[in-house]
Amino acid sequence: MVDVSIAQLLFVSFAIFSIGAGGFLIRKNAISLLICLELMLNAVNIAFVSFSRLHNNESGTVLYFFVITVAACETAVGLAIVLNLFRLKKNIRIQEANALRG
Amino acid sequence: MDASLKILSGVAVILPLLGSCIWFWAKNKIGEKITGLAATGTLVISFICCLTLFWQIESSARVEFFSWIWMGSSELVNFSFLLDPLSLALGLIVTGVGSLIHLYATGYMHGDEGFGRFFSYLNLFIFAMLMLIWSDSMPGIFMGWEGVGLCSYLLISFWFSDEANATAGKKAFIVNRVGDFGFLVAMFCIFKAFGTLSIPEVLAIVNSGNLDIVQVGWTQWACLGLVLGAAGKSAQIPLYVWLPDAMAGPTPVSALIHAATMVTAGVYLCCRLQPLFFLNPGVMELIAYIGGLTALFAASIAIFQNDIKKVLAYSTISQLGYMFLAVGLAAPVAAYFHLMTHAFFKALLFLGAGSVIHGLHHEQDMRKMGGLRKQMPITFWTMTIGVLAIAGTPPFAGFFSKDEILHIVSGSHRGLLSNIAFVTAFMTAFYMGRLWIMTFFGKSRGHREAHESPWSMTAVLCVLAALSAFGGLLNWPELWGGNAWLEHYLGQVVTQMDVGHGADALEDSLKLAGFSSLMGLGALGLAWWKYRDYQTQDFRSPAFNLFKNKYYIDEFYDAVIVRNLKRSGEFLWKVVDQGILDGTLNGLAYQAKKTSERFRRLQNGLLQGYALWIWLGVLILMISAWSVR
Amino acid sequence: MLTSNYLLLLLLIPFVSALLIPVLGTRVVNAVSMAIAGLYFLVVLMGWNSWNLSFSADWYEPLGLKYSLYLDSYSYLLILLSSFLTILCLLYSWKVVEAKQKAYHSLFHLLQATVVACLLSEDLVFFYVFWEAMLIPMYFIIGVWGGPRRLYATMKFFLFTFSGSILMLIGLICLYVFFYQQTGVWTASFEVLREHFQSHPLPFYIEQLIFMSFVVSFAIKVPLFPFHTWLPDAHVEAPTAGSVILAGVLLKMGTYGLMRFAIPMFPAAAASFATPLSVLSVVGIILGAVVAWRQSDIKKLIAYSSVSHLGFVTLGIFALTETSWNGAFLQMINHGITTGALFLLIGFIYDQKHSRDIERFGGLAKQLPRFSLIFIIMSLSSVGLPGTNGFIGEFMILLGSFQSEVVSKLWVVLASTGVILSAIYTLHLVQKLCFGKPAEDNSFMKDIGWKEYLLYTPLVVLVFVIGLYPKWIIAPIHETTSAIFNLMPNGMR
């Protein structure tokens with residue numbers, strides 16, 4: 001087992017989060033957006049777990065379970081929305097889902 | 001004693017009011033004849049009440065009914081009457097002449113569809129007039145004052161289907177309201193000065209002489225306000241403009257309201273509050289000059305009028321000017337005397353004119369009359385007496401009253417005023433002669449067959465002619481061996497300036513009387529010479545256009561006051577209200593809307609856009625958190 | 001003798017009926033609603049001469065808020081007027097308003113309820129709540145049953161009065177907090193606050209600021225120049241009955257607030273602002289009158305005349321004399337009667353002709369003589385002819401103001417010219433409507449019938465009863481006026 005420092009872990013977390021965030025901002029496909037969202041959440045999860053280990057405190061790990069549950073729910077709802085979006089528009093391009101503009 | 005006074009005066013006032021409520025609806029139910037006679041009957045009863053009061057009351061009496069305006073503190077205004085020579089004498093005239101004119105109107109208004117309405121208004125007028133002259137408080141007088149104004153309004157616009165009549169009525173009411181404004185302010189000033197509005201109390205304070213300078217100052221404003229009020233009601237300069245237009249009303253109305261009674265209210269008011277005016281000699285002078293100028297001014301217009309009623313209207317203004325002149329020269333008895341005789345002969349003249357108009361089927365233009373002397377003999381003879389009376393020919397009523405005023409003016413050593421008074425007397429005789437000759441002499445000019453009026457009208461003319469002939473007996477001067485009854489009677493409440501008690505007083509007064517009657521006859525002769533065989537010619541010179549057009553006063557008022565008021569109304573509405581006030585607010589609303597319009601664009605519905613904003617926000621937060629540390 | 005439960009009765013009847021009416025069957029709504037209104041009027045009438053009742057119960061104790069009710073002759077007379085006008089409005093609307101009857105009747109009762117609550121409340125927060133609540137029913141009455149531009153009018157009405165109320169709220173909170181800071185007790189009771197701040201005055205400029213915050217709020221409701229522009233729009237768009245209540249009751253809440261709360265609370269501040277406020281009143285009198293004259297919409301004309309009449313009322317109030325206050329209060333009631341009647345009369349011809357253009361009538365005196373008679377009587381009352389109610393009020397206001405220490409005589413004299421101007425616009429209206437020849441064929445119009453007689457007779461009777469024997473109504477008014485003036489510092493009397 002290789003001993004990894006907290007800095008390395010946080011770097012991984014940051015990298016994944018950036019990939020997710022960047023993807024979220026530039027992708028057009030709704031499914032990709034959901035995936036990017038998932039990436040960002042998981043990046044945060046990594047950070048949680050890392051700090052949990054660093055401080056020898058279990059609450060970070062507990063939070064990880066919360067997040068992963070919420071993420072699952074969110075993906076389920078998100079996919080349902082995407083499905084309905086497809087039914088409505090015959091595509092899942094996110095730019096066209098702008099009915100809530102002011 | 002007191003109870004009987006209460007009942008009598010109450011009945012005299014209330015009956016016409018009740019009547020006015022009844023006749024309005026009654027005509028259709030009980031028919032024209034009964035309505036007319038019943039309306040006249042109520043007035044006759046009122047007259048009898050007045051007469052009884054007149055006999056019963058030695059000098060003066062107060063009759064209290066119930067409290068009216070209770071202002072909260074101790075101040076109270078009652079419905080109560082002050083019955084003294086001033087008010088009783090005028091009360092007799094109002095109800096007496098009023099009854100006669102009611103009788104006349106039953107004939108004149110025969111067949112008019114507003115017959116019941118007419119008598120209703122007429123009775124209401126008598127009620128208001130009695131309130132005016134009998135009330136012992138300023139607000140009570142004001143109630144009558146406005147009440148007669150209302151009746152005048154209703155009666156002028158009696159034939160309201162014609163827009164012109166309605167406009168004339170409106171004009172009368174509004175011009176009167178300008179006067180009423182003066183009256184209101186006068187009331188405020190009197191209350192400020194004396195803390196009461198009851199006339200006996202005010203006069204008691206004034207007569208006691210314990211006034212400080214502040215109170216006198218307030219009375220000056222009060223008097224000015226009262227002069228404005230009196231000028232409005234009595235059609236004096238500058239508020240006389242409504243009276244000529246008021247001739248749009250039925251002729252009995254012109255006779256009763258716009259000649260005999262209502263228009264004299266201003267004179268009455270000045271006499272009633274005489275002590276207050278005595279405190280302010282400047283205001284007295286003002287009244288005298290207003291009166292003198294009005295007399296001359298109106299007489300000069302009257303000469304050029306062709307409408308028979310307009311001539312009489314201007315003549316009324318002119319005669320009222322005489323009364324004001326007398327009031328201003330501290331001769332209220334003379335003013336009152338002229339007021340009474342004027343009530344007789346001017347009512348007679350108006351009713352005579354009405355009879356002519358009635359006979360000619362509502363023709364009022366004198367140029368289309370002529371030669372009526374044969375066709376309407378009674379009207380002719382009674383009118384003749386009226387004309388002689390107003391022209392100041394002895395021994396008719398007008399001679400005595402006018403002579404007294406002339407006597408006082410010439411005794412007052414005001415050269416301008418006495419010249420004006422004499423010139424006006426000459427002009428009066430001239431235009432009355434013109435009216436008389438153009439109507440009754442010469443050849444008939446284009447009117448259809450005329451007929452004499454029914455008995456109800458001619459009988460009234462005869463009674464009034466008798467009064468005009470012998471009315472002078474009321475105040476036969478002591479110098480000429482009379483008993484000057486009116487002077488003694490009114491002397492109980494008003495003070496008359498003394499003129500001519502010197503050694504050659506009798507000689508002077510006879511000279512004056514001779515001169516004035518010769519002048520009157522001369523003017524009549526001049527009129528005879530000028531209009532004897534009048535065809536259609538009148539004065540043609542352009543110089544007379546000014547007189548013919550009544551000095552363009554109406555046009556002047558219209559241009560200066562009415563139009564500017566209209567313009568300011570438009571301005572206040574369109575510019576201030578809609579422009580500035582609403583504009584500011586609508587502008588605010590518009591700006592709010594526009595700003596939100598701008599911010600709205602941020603909400604573009606694109607998910608990624610929002611994410612970008614979140615990202616930026618987090619970034620800013622982080623940077624600021626870091627830099628703060 | 002009535003007990004304080006009477007106040008609860010006064011308060012609850014209209015609330016309950018507002019809730020009850022929506023569950024009734026459509027057919028009986030009219031009858032039941034009118035019956036309740038009539039009953040309520042009788043209940044109110046029972047309370048004549050038994051004012052000075054009070055009632056108090058906790059509302060939210062930690063903040064010292066109370067359901068605190070107090071009935072004096074001011075509030076009593078306005079409640080009487082309001083219940084009286086409500087009956088007339090409902091009677092008028094019978095067979096005229098056909099749409100959404102349940103909501104309509106319910107809203108009128110709700111309006112009545114909020115007005116009564118406002119008039120009865122002694123606790124300032126309680127007052128404020130219902131002051132705001134009054135807007136809601138009126139908003140819907142104009143917004144639902146109103147004319148074509150009703151959205152604009154309701155919006156304007158709402159925003160104007162609401163922004164005023166916000167100011168009042170700020171002032172109120174200041175008072176409330178200052179009191180807490182000084183005593184450590186939370187209370188919004190008017191009497192307690194008044195007594196406290198009289199004996200422990202705030203810095204004068206703060207008094208002035210708080211006073212002005214109240215005055216602006218009330219002035220918008222009155223409406224005082226320059227806050228009056230909502231009124232013509234609201235009147236023009238409101239249904240007839242809405243106009244009647246608006247003119248007859250809601251506007252009076254503003255002047256009532258001035259007399260009952262703002263001025264007694266800070267008499268010295270009131271005296272210091274007397275001149276500017278009375279000048280605004282005089283401007284309102286003259287502007288209202290002159291602008292009214294130029295209107296071609298009859299309702300707008302009457303709305304502007306309201307501005308003019310209420311200018312007299314506010315002049316009387318700011319003159320700070322007992323006589324002018326008595327007159328001002330009387331004039332509030334007179335205005336309710338007279339202008340209410342005029343709106344009802346205009347509504348009557350509008351319902352037949354569907355036009356309010358002054359140029360399209362004429363000659364009604366021949367065609368509708370009974371209508372014209374009543375219309376002319378009411379116009380004369382509006383002009384202030386002696387013998388009618390209008391004169392008494394105007395006369396007392398002007399006479400009282402002329403004696404005032406704080407208002408210059410010049411302004412009173414200028415205000416008196418309103419007498420001339422009111423004659424101008426009113427007679428203009430009468431002439432255009434009743435005299436002359438008909439401008440168009442109006443032969444289809446009917447004269448008033450028994451229902452209208454029922455409506456107008458009491459109003460006409462009141463015009464003359466108050467005009468000829470006003471003592472019965474001035475006496476109770478004076479009771480409260482003198483009570484208020486007795487509590488003011490000596491220099492004010």
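Reader: For helix H17 (residues 369-383) of chain C, what span should its 15 residues cover at 1.5 Å a residue, and how far apart are its end C-alpha atoms?

Author: This is a predicted model, and the values here are computed from it. The expected span is 1.5 Å times one less than the number of residues, so the 15 residues of H17(C) should span 21 Å. That agrees with the model, in which the end C-alpha atoms of H17(C) are separated by 21 Å.

Reader: How many of the 15 residues of H17(C) are buried?

Author: A residue counts as buried if 20 or more other C-beta atoms lie within 10 Å of its own. In H17(C) the buried residues include C:Phe371, C:Ile374, C:Phe375, C:Met378 and C:Leu380, and serines such as C:Ser372 and C:Ser379 are also among them. H17(C) is therefore largely enclosed by the rest of the structure, the number of its buried residues being eleven.

Reader: Which residue just after H17(C) takes a positive phi?

Author: The helix runs over residues 369-383 of chain C, and the residue in question stands just after it. Its phi is about 85°, and the residue is C:Gly384.

Reader: Which helices of chain C do the buried residues of helix H10 (residues 230-237) pack against?

Author: H10(C) is mostly covered, with eight of its eight residues buried. These buried residues include C:Trp230, C:Leu231 and C:Val236, and also C:Asp233, C:His235 and C:Glu237. They pack against helices of chain C, namely H6 (135-145), H7 (150-183), H11 (240-265) and H14 (298-319).

Reader: Turning to chain B, how many helices and strands make up its secondary structure?

Author: The C-alpha trace of chain B spans about 120 × 65 × 55 Å along its principal axes, and buried residues make up 55% of its 629 residues. Among its contacts with a separation of 6 or more, 81% are between residues 24 or more positions apart. The secondary structure of chain B comes to 23 helices and two strands.

Reader: Which residue of S2(B) stands opposite B:Ile69?

Author: Strand S1 (residues 61-70) of chain B runs antiparallel to S2(B), and eight bridges join them. Strand S2 covers residues 76-83 of chain B and is mostly covered, seven of its eight residues being buried. The residue of S2(B) that stands opposite B:Ile69 is B:Val77.

Reader: Is B:Asn475 buried or exposed?

Author: B:Asn475 is placed in the loop between helix H18 (455-470) and helix H19 (485-491) of chain B. Leaving aside its neighbours within four places in sequence, B:Asn475 is in contact with residues including B:Phe337, B:Phe400, B:Trp485 and B:Leu486. Because B:Asn475 has 27 C-beta neighbours inside 10 Å, it counts as buried.

Reader: How far apart are the centres of domain 1 and domain 2 of chain B?

Author: Domain 1 of chain B covers 322-540, and domain 2 covers 557-628. Taken over C-alpha atoms, their centres are separated by 75 Å.

Reader: Which element of chain B gives the most to the side that touches chain C?

Author: Of the two pairs of chains in contact, chains B and C share the most contacts, with 38 residues of chain B in contact with 41 residues of chain C. S1, helix H4 (138-156), H5 and helix H22 (553-600) of chain B each supply at least two residues of this side of chain B. With 14 residues, the element that gives the most is H5(B).

Reader: How far apart are the nearest C-alpha atoms of chain A and chain C?

Author: Chain A does have a contact with chain B, in which ten residues of chain A meet ten residues of chain B. On that side chain A has six nonpolar, three polar and one charged residues. Chain A and chain C, however, do not touch, and their nearest C-alpha atoms are separated by 22 Å.

Terms used:
Residues are numbered from 1 along each chain as its sequence is written. Chains are lettered from A and ligands numbered from 1 in the order in which they are written. This is a predicted model: local features need pLDDT of at least 70, side-chain atom pairs count only at pLDDT 80 or more; totals for chains, interfaces and linings use all residues. Domain bounds come from an automatic or database domain assignment. Helices (H or I, at least four residues) and strands (E, at least two) are DSSP runs, numbered from the N terminus. A residue is buried if 20 or more other C-beta atoms lie within 10 Å of its own, exposed if 12 or fewer, and partly exposed in between; C-beta atoms are placed from the backbone. Two residues are in contact if their C-beta atoms, placed from the backbone, lie within 7 Å. Two strands pair if DSSP finds at least two bridges between them. Ala, Val, Leu, Ile, Met, Phe, Trp, Tyr, Cys and Pro count as nonpolar, Asp, Glu, Lys and Arg as charged, and the others, Gly among them, as polar.
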